[in-house]
Protein chains: 2
Amino acid sequence: MRSPQLMIKPNNCHSCRMSALCLPLALHTSDLDKLDNVIQRGKPMQKNQSVFYAGDTFTSVYAIRSGAVKSYCITDDGTEQVTGFYLPGEIFGWDGIATSKHSNHAVTLETSALCEIPFAQFERLGATMPMLQQHFMRLMSKEISTDQALITLLSKNSAEERVASLLLSLSKRLKSQQLSATKFRLPMSRADIGNYLGLTVETVSRVFSRFQSFDLIYCERKEIEIINLQRLSSLAHNAECL
Amino acid sequence: MRSPQLMIKPNNCHSCRMSALCLPLALHTSDLDKLDNVIQRGKPMQKNQSVFYAGDTFTSVYAIRSGAVKSYCITDDGTEQVTGFYLPGEIFGWDGIATSKHSNHAVTLETSALCEIPFAQFERLGATMPMLQQHFMRLMSKEISTDQALITLLSKNSAEERVASLLLSLSKRLKSQQLSATKFRLPMSRADIGNYLGLTVETVSRVFSRFQSFDLIYCERKEIEIINLQRLSSLAHNAECL
DNA sequence: AGCATCAGATGATATAGGTCAATTCCCTGT
DNA sequence: ACAGGGAATTGACCTATATCATCTGATGCT
């Protein structure tokens, strides 16, 4: 089990710039207060710290305030399978609801601040706040759509299309958080990217090089700049993907 | 939009042998009655009929009483991508909750009887029946797990492993419905299987032949018998997959 | 019944991406 | 500041699966 985390300075859902994303917009102020009491804010974590392990009893879902997280599981033959990358404003940890145990591990990819949303209390809260529960079902439905987009990507698209799609997905998601859509830092390693996209590190690396030689991106280690977003999009015809 | 469907003879959730799967076990009888009023039973459909189209306004999720359904979407380049197969006792159609529009198409693979569960009324019902909403969240979470298992399969496993995993998944799911786990009819075509697993028809066909030559299965057209379930499982080391 | 179409099987060949290996360059810890 | 190890890149080669083509036997339509 994970080590106890320090709490950061008092804060609340009202003042959180993420609230529009992780909470239903239609929530009343009084409801927000109730929710606020339940959510455990803070949890600043260093790079490579586990948020939860596969097999852990499912207790909470987590919203990312800053940083990045990857979820992954260990397959029967002992290899790692990355199942998702999560950026600020996103919620992860749904995987445990069905079985009451997490099926994935989750680790921070960089220094991150998370909000823990204890699910038992949340469910109790949901009983009196249908909006809240509905909102969460929408978020889960979105996760389903994302996963299905990834399935399509994996079963139909070439290495270049997959990498381009991932870059565009990251770009779009950062943009939705008022961050730069064209210049950012990749929080994950090439190995993680390859693992996620069903490619080897070498292939990912080669695709990055090729993209760079075509002036689609400029990339130095983890810093990346998308030079030609349009052409990159056309390359990843599954543009709305991921 | 789809053509109107005939209703089959009166029936209800109480008497449905599927209820354990599509409904929370802990539901009170009085609650079940309320739910019963909302669900539209029947909908017997022929093979190759659309249940809903991508882009349709999301109104309902569907439980399968008999038959089989595939969900798929059309990618940007106009090709079909199968995203799931659904068997009796399973619920599909979650994809539309996030955006209020279905992102997938759904068609019957054979003559099927479905129960339509109108979502708006369901949500209203959920407000007074937290158990119901929680149960549905669990089902959605399960769908997420299945999708993630497929992602792993697609990004890590060979053609043989993929096909073996699908066969075992079908076997397991049929068994959970008290149907034969070793002898059944594949409701979908080789092309659908290949599409779903990210393989070509030819490869699927070759894998079937190879499995047959190894006496793992006996297969004649769509009728399949799993001869050596154990060896098939070891071949698909992602046994708990899909 | 008979033809047309489609699903499936199998063979020959091509290729994208995997595997293995070597090299460079960060980053981390001491 | 330096050493060591891991992350990333690049090249050479190989293999699993795609592609293309042909054939057979179902299935469905008139």
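How many salt bridges are there between chain B and chain A? The count is zero, where a salt bridge is a side-chain nitrogen of Lys or Arg within 4 Å of a carboxyl oxygen of Asp or Glu.

This is a predicted model, in which local features need pLDDT of at least 70 and side-chain atom pairs count only at pLDDT 80 or more, while totals for chains, interfaces and linings use all residues. Residues are numbered from 1 along each chain as its sequence is written, chains are lettered from A and ligands numbered from 1 in the order in which they are written, and side-chain values use heavy atoms, without hydrogens and water.

**The interface of the two protein chains**

In this model, 46 residues of chain B are in contact with 47 residues of chain A; contact means heavy atoms within 4.5 Å. The two chains bury about 3,900 Å² between them, 57% of it on carbon and sulfur atoms. Buried area is the accessible area (1.4 Å probe) that two parts lose on being put together, summed over both.

Across this interface, 12 residue pairs are in polar contact, both residues being at pLDDT 80 or more. A polar contact is a pair of N or O atoms within 3.5 Å; within protein, one must be able to donate a hydrogen and the other to accept it, and residues adjacent in sequence count only if both atoms are side-chain atoms. On the side of chain B that touches chain A, two or more residues come from each of strand E5 (80-86), helix H3 (119-128) and helix H4 (130-156) of chain B. Helices (H or I, at least four residues) and strands (E, at least two) are DSSP runs, numbered from the N terminus. The largest share, 20 residues, comes from H4(B).

**The DNA strands**

DNA strand C has 18 residues around it, of which A:Ala159, A:Thr203, B:Ser205, B:Arg206 and B:Ser209 come nearest. A residue is near a strand if one of its heavy atoms lies within 4 Å of it. Sugar and phosphate account for 67% of the atoms of DNA strand C that come within 4 Å of the protein. The largest share of the surface near DNA strand C, four residues, comes from H7(B). For DNA strand D, the largest share, four residues, comes from H7(A).

| Residue | DNA atom | Distance |
|---|---|---|
| A:Thr203 | phosphate oxygen, DNA strand C | 2.4 Å |
| B:Ser205 | phosphate oxygen, DNA strand C | 2.7 Å |
| B:Arg206 | base nitrogen, DNA strand C | 2.9 Å |
| A:Arg206 | base nitrogen, DNA strand D | 2.9 Å |
| B:Glu202 | base nitrogen, DNA strand D | 3.0 Å |
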